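Please look at the sequence and the model first, then read on.

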Amino acid sequence: MDRYGMQNQIACIRRSLFDQGYLDEQFIQLEELQDDANPNFVQEIVTLFYTDSTRLIQNIELTLNSRPINFSKLDDYMHQFKGSSSSIGAKKVTSECAVFRQYCAAGNAEACIRNFQHIKQEHAILRKKLEFYFQMMGQAAVAQTT
């Protein structure tokens with residue numbers, strides 16, 4: 001694929017992430033912070049997010065599986081997860097986290113468990129999409145230097 005075709009494909013992938021509601025304007029703000037001095041800034045931030053969120057998911061799962069369920073602890077973990085998701089512009093994940101917190105406040109364990117499956121699904125889908133996007137960005141960068 002030529003350089004123009006690759007750039008066009010990357011632009012389409014990026015646009016689809018917004019059009020499908022996976023990302024919001026916070027992601028654009030991260031991109032604006034990226035420059036020649038730190039060309040992988042966004043990818044590094046997203047990698048940190050996935051490292052941190054994996055730990056939070058494990059903590060949430062442990063708390064959901066404990067009896068009695070500690071809804072206060074669950075809400076604290078989900079508050080952290082929602083904040084991290086929001087900071088990278090993960091729109092669908094952030095939205096699902098807000099729903100989870102409502103179920104948590106209501107003490108609805110079944111709804112929390114069901115919603116948590118949606119959160120993990122959205123988290124995994126976004127991860128795959130962003131990995132592909134960053135892979136394409138890397139290939140484009142290599143193509144520009146050759």
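## A loop and its proline

Proline 68 sits in the loop that links helix 3 to helix 4. Helices here are DSSP runs of H or I with at least four residues, strands are runs of E with at least two, and both are numbered from the N terminus. Most peptide bonds are trans. The bond from arginine 67 to proline 68 is cis, with omega near -10°.

The model is predicted, so local features need pLDDT of at least 70 and side-chain atom pairs count only at pLDDT 80 or more, while totals for chains, interfaces and linings use all residues. Residues are numbered from 1 along each chain as its sequence is written, and side-chain values use heavy atoms, with hydrogens and water left out.

## The chain as a whole

How many helices and strands does the chain have? There are six helices and zero strands, and the order from the N terminus is α-α-α-α-α-α. Along the principal axes, the C-alpha atoms fill a box of roughly 60 × 30 × 20 Å.

Of the 146 residues in the chain, 35% are buried. A residue is called buried under 20% relative accessible area, exposed over 50%, and partly exposed in between, using a 1.4 Å probe and protein chains only. The accessible surface of the chain is about 8500 Å², and carbon and sulfur atoms account for 50% of that surface. Such areas come from the Shrake-Rupley method with a 1.4 Å probe, and for residues only the protein chains shown count as cover.

Two residues are in contact when heavy atoms lie within 4.5 Å. Among contacts between residues at least 6 apart in sequence, 65% join residues at least 24 apart.

The chain carries 15 positive and 17 negative side chains, and the centres of these two sets are 7 Å apart. Lys and Arg are counted as positive and Asp and Glu as negative, while His and the chain ends are not counted. Each charge is placed at NZ of Lys, CZ of Arg, CG of Asp or CD of Glu.

Helix 2 covers residues 25–33, and its buried residues are Phe27, Leu30 and Glu31. These residues lie on the same side of helix 2 because they cover an arc of only 100° around the axis. The arc is that of the directions from the helix axis to the C-beta atoms. On the other side of helix 2, the exposed residues are Glu25, Glu32 and Leu33.

Which helices do the buried residues of helix 2 pack against? They pack against helix 1 (3–19), helix 3 (41–65), helix 4 (71–88) and helix 6 (109–145).

Phenylalanine 41 belongs to helix 3 and is buried, with a relative accessible area of 18%. Neighbours within four places in sequence aside, phenylalanine 41 touches Leu30, Leu33 and Gln34.

Threonine 63 is also part of helix 3, and its relative accessible area of 6% makes it buried. With neighbours within four places in sequence again left aside, threonine 63 is in contact with Ile69, Asn70, Lys73, Leu74 and Tyr77.

Lysine 120 is in helix 6 and is partly exposed at 22% relative accessible area. Beyond its neighbours within four places in sequence, lysine 120 is in contact with Ile57 and Glu61. Glutamine 121, in helix 6, is partly exposed at 46%. Arginine 15, in helix 1, is partly exposed at 43%.

## Cysteines

A disulfide is a pair of cysteine sulfur atoms within 2.5 Å. By this rule the chain has zero disulfides. Cysteine 97 is in no disulfide, and the nearest cysteine sulfur, that of cysteine 104, is 12 Å away. Is cysteine 97 buried or exposed? Cysteine 97 counts as buried, at 0% relative accessibility. Cysteine 12 is partly exposed, with a relative accessible area of 36%.
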